[in-house]
Amino acid sequence: MNIFKQFYKSTHSPRDIASFRFQGIGKTILYVFFLSLISIIPSIVFLSTILSTGIETSKNVLTNEIPSFSIENGILSADTEVPVIIEQEDFTIILDPTGNITEQKVGEEGNAFALLTDKFVVSAGGRIDTYPYTMLEGIYISKDEVSNFIDILDGVKGIIIPVMSFFIFLFSSAANFIEVSILALFGLFLKSLTGRNLKYRQQWRMAAYSETLPTVFFTIMAAINTTVPNSFLINWFVAIIVLYLAINEIPKPKSKTVNP
């Protein structure tokens, strides 16, 4: 059975998942990589889109809306006497050399990036990160240099996206292998509970295919940009249930009868 047919069967058939326990470990490892690749497709698409649109938006904002500025000796200076606040669709850019805007104010904007008097602030997902300009001691930054840097990013985004996608794939694969290994440990408890005779390596193979259904579900949710509450618990609950059903499909060992 090829990997695509296994993928289809694993979304709905615990009996087929149970039958995969006898296949070679290499094919199962390949399947985990396959699941990892599927799970990161929305992330890669989002990364490509946000990088491309972000570069174009940054170019437009820098050229038409942000006044000239520079950062030198840990202090921001700009050709404005009032804070400049630029609101995009889901993002806010702030330039404030006056000291009137605080980190808390930046956080209230939701997703935002702010150049304040002595630090730059990033707010995203309810978290606020602050980085003082003193980290850039000895470095002079100006609007023109930022614009040139964005132009460089635009020129190499065809390299950046594949490289970042590769690292996302590596981290996702590592996380999936760990998850499958832990799920297989749960399987040892489940096989004792159901009275089945299974070895850990067989549990590991079945655990890999038991991850298919939650992987497909959360990939679809990510693709339509929908947040699932308690996703961590749901993922583990579904995977454990699928593994339990697969274990239940395995015949119980025949009990030995003693002849009188």
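This is a predicted model: local features need pLDDT of at least 70, side-chain atom pairs count only at pLDDT 80 or more; totals for chains, interfaces and linings use all residues.

Author: Let's start with S142: setting aside neighbours within four places in sequence, S142 touches F69 and S70. This serine sits in strand β8, which covers residues 141–142. S142 counts as buried because its relative accessibility is 11%, and the cut-off for buried is under 20%.

Now for the sheet. Five strands make up an open sheet, running β3-β4-β5-β6-β7 with mixed pairing. At its edges are β3 (84–87) and β7 (127–132), each of which pairs on one side only. Ignoring direction, neighbouring strands here are turned by 10° against each other on average. Inside that order, β4 (residues 92–95) and β5 (residues 112–115) run parallel, paired over 4 bridges. Look across from T92 and you'll find A112 in β5.

On to the cores. The largest nonpolar core holds 28 residues, and Y31 and M206 have the most contacts inside it. Helices α1 (3–10), α2 (14–19), α3 (25–39), α6 (143–194), α7 (200–210) and α9 (231–248) each put in at least two residues, with α9 giving the most, at 6 residues. As for Y31, leaving out neighbours within four places in sequence, its contacts are I3, Q6, F7, S10, A208, Y209 and T212. Apart from this core there's another one, of 17 residues, including L76, A78, I93 and I150. In soluble globular proteins, nonpolar side chains tend to be buried together.

Notes
Residues are numbered from 1 along each chain as its sequence is written. Side-chain values use heavy atoms; hydrogens and water are left out. Buried means under 20% relative accessible area, exposed over 50%, partly exposed in between (1.4 Å probe, protein chains only). Contact means heavy atoms within 4.5 Å. Two strands pair if DSSP finds at least two bridges between them. Axes are lines fitted to C-alpha atoms, for helices over the stretch in contact, and angles run from 0 to 180 degrees between N-to-C directions. A nonpolar core is a set of buried Ala, Val, Leu, Ile, Met, Phe, Trp, Tyr and Cys residues joined through side-chain atoms within 4.5 Å.
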